Amino acid sequence: MTDLVDRTVPVVADWPEPGVQFRDISPLLADPQAFATVADAMAQATGEVDLVLGVEARGFLFGLAVAERLGVGFVPVRKAGKLPGSTESVSYDLEYGSATIEVPSGAVAPGQRVAVVDDVLATGGTLAATVELARRCGGEVVSAVVLIEIEALGGRAVLDVPLAALRTY
């Protein structure tokens with residue numbers, strides 16, 4: 001898996017700002033065999049779940065593929081203001097401000113076993129907020145699964161659920 005991710009997810013230095021090492025998933029998405037391999041591995045890492053939550057926006061791509069492989073439902077976790085009707089939401093702090101994420105009310109049923117899926121774990125704020133959101137809805141979060149973990153940023157430490165990362169840098 002290490003070679004596959006290294007080959008299909010290049011680093012773009014200093015984007016979107018100096019010092020950031022952006023991981024570009026575009027080549028991975030363009031390679032159907034590589035994407036299928038990654039989606040299969042992520043699905044195997046979730047454990048037994050009833051529902052997958054994918055974090056906006058790149059987590060939608062992986063989360064939906066994981067849910068399809070598992071034969072379970074998928075809920076996109078959206079930025080505030082993107083959903084009609086009643087929502088459940090969580091606000092959290094970012095490095096440069098704050099953000100709010102939400103899901104439609106009733107999208108996560110009480111007692112559902114949930115996996116949270118995203119592309120990259122950096123500082124962990126968004127993933128931790130998604131775990132909190134699922135719990136507020138009554139879900140039992142059994143795992144978080146990411147394609148890449150940036151270990152030096154310490155995101156794993158803010159999570160209180162089992163985390164699987166296909167590639168750690």
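Let's start with Phe22. Phe22 is partly exposed, because its relative accessibility is 24%. The scale is simple: buried means under 20% relative accessible area, exposed over 50%, and partly exposed in between, with a 1.4 Å probe and protein chains only.

Before going on, a word on the source. This is a predicted model, where local features need pLDDT of at least 70, side-chain atom pairs count only at pLDDT 80 or more, and totals for chains, interfaces and linings use all residues. Residues are numbered from 1 along each chain as its sequence is written, and side-chain values use heavy atoms, with hydrogens and water left out.

Back to Phe22. Which residue forms an aromatic pair with Phe22? Trp15 does, edge-to-face, at 4.9 Å centre to centre and 75° between the planes. Here is the rule: rings of Phe, Tyr and Trp (its six-membered ring) pair if their centres lie within 6.5 Å; planes under 30 degrees apart count as stacked, over 60 as edge-to-face, and the rest as tilted. Trp15 is partly exposed too, at 47% relative accessibility.

The whole structure holds 3 aromatic pairs. One of them is Phe60 with Phe74. Their ring centres are 6.5 Å apart and the planes meet at 85°, so this pair is edge-to-face. Phe60 sits in helix H4 and Phe74 in strand E4, so the pair ties together parts 14 residues apart in sequence. Helices (H or I, at least four residues) and strands (E, at least two) are DSSP runs, numbered from the N terminus. Phe74 is partly exposed, at 23% relative accessibility.

Now stay around Trp15. The peptide bond between Trp15 and Pro16 is cis, with omega about 10°. Pro16 lies in the loop between strand E1 (11-13) and E2. Asp14 is in the loop between E1 and E2 as well. Most residues other than glycine have a negative phi, and most peptide bonds are trans. Asp14 is partly exposed, with a relative accessible area of 45%.

There is another cis bond to note. From Glu56 to Ala57, the peptide bond is cis, and omega is near -5°. Ala57 falls in the loop between E3 and H4.

That brings us to the strands. Two strands pair if DSSP finds at least two bridges between them. Strand E3 (residues 51-55) runs parallel to strand E4 (residues 73-79), with 5 bridges joining them. Leu53 stands opposite Val75 in E4. How does the chain get from E3 to E4? Through helix H4 (residues 58-70), in a right-handed β-α-β crossover. Right-handed means that, with the strands pointing away from the viewer, the path from the first strand over the helix to the second runs clockwise.

E4 also pairs with strand E6 (residues 97-104), antiparallel, over 2 bridges. There, Lys79 faces Ile101 in E6. E5 and E6 run antiparallel as well, joined by 8 bridges. Asp93 has Ser98 in E6 as its bridge partner. The hairpin from E5 to E6 passes through 2 residues.

Past E6 comes a loop. Gly106 lies in that loop, between E6 and strand E7 (113-121). Gly106 is exposed, because its relative accessible area is 65%. Thr87 is 19 residues from Gly106 in sequence, and 8.3 Å away in space, C-alpha to C-alpha.

Last, the largest pocket. About 1300 Å³ of space lies in it. On a 1 Å grid over the protein atoms alone, a pocket is an open set of points where a 1.4 Å probe fits, with protein on both sides within 12 Å along at least five of seven lines; lining residues have an atom within 4 Å of a point. The volume is the space filled by probe spheres set on the points, and grid points are joined across faces, edges and corners.

By class, the lining has 18 nonpolar, 7 polar and 10 charged residues. Ala, Val, Leu, Ile, Met, Phe, Trp, Tyr, Cys and Pro count as nonpolar, Asp, Glu, Lys and Arg as charged, and the others, Gly among them, as polar.
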